Amino acid sequence: MKPLEFLHTVGAVRLLERASRAAAAPVAVHYIERGQEGPRILGVGQCAACRTVAALPGGSAACRASRLQASARASRRDVPVPFLCPMGFACAAMRALPGEAFVFTIGPYCPSEAPEALEDEARAGIEALDADWTGDLGELLADIRHVPASAVPEIAQWTADNLAALWRAEQERESREIAQAATPVPLEAENPAPNHLPLRMDGPPATHAGAAAIATALAGGARGQVRQLVEAALAEVDAGKRATLPMQRARAVSLATSVLEAAERAEMDTAPAWRLMPAFIEKAQSAKGTLPLRDAALEVLGELARRAARGALADSALEELHRLVLERMPENITLEEVATALGQHPTAITHRLQRKFGLSYTEYVAQLRIAQAKELLRRTRLRINDVAMRVGISDISNFGRLFRKVEGVSPAQYRKRFANPSSSARRAAPSE
């Protein structure tokens, strides 16, 4: 797949849409080559100020000149580059893909630290382009959002990291398909095992398999489960040998946005949580470790829980479902047993989970089992078959297959990578 084709895939466009919502500003992608900017490849959103400036004489050329200079620096340095547009509005440029000539920009926005300068700079910028302009300045600035100055570059870095991870995954998928096409398949291989991408530590994943599970837990009021799932996601970076603070921060931002997206698909009210995102990203940027990152993420997600708990948004059936499954985790609790306890038809429970979160009952329980298993693998030295028994899976082979399906690695590989060396040892962990 060519880079241009990749940037138009659903996953890439969705990432850019997330960045636009998190920054409360438009996002645009351009191709930069030999000091020249090509036409806009794609974009998400546009503000009234940009439309007005583009219609003024020389407006588009002035915007392009300021954007091109920042884009060139961003391409050379592979870091977010803040810049000012001709109207004096803040923007940020960042290379979209490693080694490629595509650059995306986020903006315009107004740094919340200096909102008083917005009107004067906008008026001066418009007068420089057209001294006779007589439009309504207040209307022009109505959709320019006030955002912490440090937040947008952090969002740009997060977006680039996730685009790079998606791009690598796509290249690996194509390489596997080519290799498989060149390799004869034995006739007896009627049920080949599915391929899974390995768990990465060179950047945050673009999506989180646990995002739907966290959104489900939020809708069901299971805050303890939410905390456990969030801690698990952040601990996987914190315990990695090559983990750095920027990686931990990017993982926290990626996780929060993935959960918000899952919550939107479940028709939860996410608008208040999205409004907290710039402040959350600013906190993440200054966080010095996993605990402050966890607390900042839980603050944003807690807003979802509060909204879900109000009025008609409350889902008592999901809350009871969580309670039943978590209480009987070491057992094999079936959908029929849950349905009987809830006084509902099994199909109604399945439809609720699938409609809201894209999970079947089996997938939902599997997510909870694996989340608990990961906690035990990280924090204890229980034997792997004992961990399996603790989460209600008596056959260690089934446990290994399920763990691989959800996480992409075996339980032993996960433990080796993410085990907490300071955890209390109960038994020596055996080799797999």
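Let's start with cysteine 50: partly exposed, at 28% relative accessibility. Partly exposed sits between buried, under 20% relative accessible area, and exposed, over 50%, using a 1.4 Å probe and protein chains only.

Quick note on the model. It is predicted, so local features need pLDDT of at least 70 and side-chain atom pairs count only at pLDDT 80 or more, while totals for chains, interfaces and linings use all residues. Residues are numbered from 1 along each chain as its sequence is written, and side-chain values use heavy atoms, with hydrogens and water left out.

Cysteine 91 is in no disulfide either; its nearest cysteine sulfur, in cysteine 85, is 5.0 Å away. Cysteine 91 is buried, at 8% relative accessibility.

Next, the cores. A nonpolar core here means buried Ala, Val, Leu, Ile, Met, Phe, Trp, Tyr and Cys residues joined through side-chain atoms within 4.5 Å. The largest has 88 residues, and Phe104, Phe280, Leu321 and Tyr361 touch the most other members. Apart from it lies another core of 25 residues, Cys47 and Leu141 among them.

Now tyrosine 361. Beyond four places in sequence, its contacts (heavy atoms within 4.5 Å) are Leu321, Val325, Ile333, Thr334, Leu335, Val338 and Leu353.

Last, serine 360. It is buried, with a relative accessible area of 18%. Leaving out residues up to four places away in sequence, serine 360 touches Leu353 and Gln354.

Methods. A disulfide is a pair of cysteine sulfur atoms within 2.5 Å.
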